[in-house]
Amino acid sequence: MKLAPKVRIQAEAFDIASEIENITGGRPDIGASVSFTGHCRDEGGRLEALELEHYPGMAEEEIARIGQQAIERFGLLGLTVIHRFGRMLPGDPIVVVIAAASHRHAAFDGASFVMDFLKTDAPFWKKEHLKDGGSGEWVSAREQDDRARGRWQ
């Protein structure tokens with residue numbers, strides 16, 4: 001049976017410990033799990049909130065495609081990706097990637113690969129809401145994200 005990534009896009013917060021247990025619990029074949037959690041940062045104290053939108057259906061499909069590539073490329077034994085949408089406050093968790101494998105290098109590489117592609121390929125949009133009452137720009141893709149993605153080519 002072919003392993004598929006577990007992908008969820010939701011407004012609600014997630015419980016990282018429970019998600020790790022869902023992948024690793026009762027699995028003696030897993031020797032390593034790596035989790036990455038991305039949080040909303042305050043951008044030097046000027047950010048009140050970050051608004052995240054996504055393209056329903058397409059976002060899940062794209063994340064699943066990226067996740068399947070990671071599973072096959074790194075021999076992952078489990079992969080969960082959860083991305084939130086809606087209004088996030090500084091410090092709020094936005095995304096979690098949990099990769100499980102027989103060995104640590106595969107788990108680290110799998111999680112890193114997923115995040116590098118998620119940042120550039122998944123259809124999400126972010127808009128800043130500033131403390132001064134203004135509304136910032138929709139956040140554009142960053143050159144550093146493209147470079148990070150390029151290292152896997």
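Which residue stands opposite S135 in β8? The residue opposite S135 is H129. The structure is a predicted model, in which local features need pLDDT of at least 70, side-chain atom pairs count only at pLDDT 80 or more, and totals for chains, interfaces and linings use all residues. Residues are numbered from 1 along each chain as its sequence is written, and side-chain values use heavy atoms, without hydrogens and water.

**View 1. The pairing of β7 with β8.** These two strands (DSSP runs of E, at least two residues, numbered from the N terminus) run antiparallel and are joined by two bridges. Strands count as paired if DSSP finds at least two bridges between them.

**View 2. The open sheet.** Four strands follow the order β5-β3-β7-β8, with antiparallel pairing. Because β5 (86-88) and β8 (135-138) each have a single partner strand, they stand at the edges, and one side of each lacks a neighbour in the sheet. From one strand to the next, the twist averages 25° (axes are lines fitted to C-alpha atoms; angles run from 0 to 180 degrees between N-to-C directions).

**View 3. The largest pocket.** Its volume is about 750 Å³. A pocket is an open set of points on a 1 Å grid over the protein atoms alone, where a 1.4 Å probe fits, with protein on both sides within 12 Å along at least five of seven lines; lining residues have an atom within 4 Å of a point. Grid points are joined across faces, edges and corners, and the volume is the space filled by probe spheres set on them. Of the 29 lining residues, R41, K119, K126, V139 and D145 lie nearest the centre.

**View 4. The contribution of α3 to the lining.** The helix α3 (a DSSP run of H or I, at least four residues) supplies six residues, the largest share of the lining of the largest pocket.
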